[in-house]
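Try each task before reading its solution.

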Amino acid sequence: KIVSSAKYSATGEWLETEQHTKFSETPTAVQNFVKTNYTGFNVETCEKVVRPAQQFYEIFVEKGKQNLE
C-alpha cells in the first residue's frame with residue numbers, strides 16, 4: 001500500500017508530493033545521520049518529499065515521550 005499526498009497552489013500549480021516510505025528505503029547517508037545523531041530513538045515514520053526544485057526526507061523519531069521531526 002502506497003500512501004502519498006500532493007499539495008497545489010490556488011492556481012493549480014503543483015507544490016509538493018509527500019510519500020510514506022520505509023526507513024530502510026531512505027538513502028544510506030540519511031540512515032547513517034539518524035542512527036548517529038538520534039541514538040536510542042525509534043524511527044516512527046518516514047516521508048519522501050518532492051518539490052519542483054528539491055527532494056528530501058522527513059524522519060519522525062521518538063524516545064519515550066519525546067517526539068521529533
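Rings of Phe, Tyr and Trp, the last by its six-membered ring, count as a pair if their centres lie within 6.5 Å; planes under 30 degrees apart are stacked, those over 60 are edge-to-face, and the rest are tilted. The model used here is predicted.

**Exercise 1. Find how many aromatic pairs the structure has and classify what you find.**

Step 1. A search of the whole structure gives 1 aromatic pair. Tyr38 and Phe41 are its members, with 5.6 Å from centre to centre.

Step 2. A pair of aromatic rings is described by the distance of the centres and the angle of the planes. For Tyr38 and Phe41 the planes make an angle of 90°. Edge-to-face requires an angle over 60 degrees, so the pair of Tyr38 and Phe41 is edge-to-face.

Step 3. Now place each ring residue by its accessibility. The relative accessible area of Phe41 is 18%. Buried means under 20%, so Phe41 is buried. Tyr38 has 31% and is therefore partly exposed.

**Exercise 2. Locate Glu62 and Lys63, and state which residues Lys63 touches.**

Step 1. Glu62 sits in strand E4, residues 54–63. Lys63 belongs to strand E4 too.

Step 2. Glu62 has a relative accessible area of 24% and is partly exposed. Lys63, at 41%, is also partly exposed.

Step 3. Compare sequence with space. Glu62 and Asn42 are 20 residues apart in sequence, yet their C-alpha atoms are 5.3 Å apart. Lys63 and Val43 are 20 residues apart along the chain, with 9.1 Å between their C-alpha atoms.

Step 4. Not counting residues up to four places away in sequence, Lys63 touches Thr39, Gly40 and Phe41. Phe41 is also a member of the aromatic pair from Exercise 1.

**Exercise 3. Decide whether Tyr8 is buried or exposed, and list its contacts.**

Step 1. Tyr8 is part of strand E1, which covers residues 4–8.

Step 2. The relative accessibility of Tyr8 is 52%. Exposed means over 50%, so Tyr8 counts as exposed.

Step 3. Leaving aside neighbours within four places in sequence, Tyr8 is in contact with Glu13, Trp14 and Leu15.

Notes: Residues numbered from 1 in each chain as written. Predicted model: local features only at pLDDT ≥ 70, side-chain atom pairs only at ≥ 80, totals over all residues. Heavy atoms only, no water. Buried < 20%, exposed > 50% of the residue type's maximum accessible area, 1.4 Å probe, protein only. Helix = DSSP H or I, 4+ residues; strand = E, 2+ residues; numbered from the N terminus. Contact = heavy atoms within 4.5 Å.
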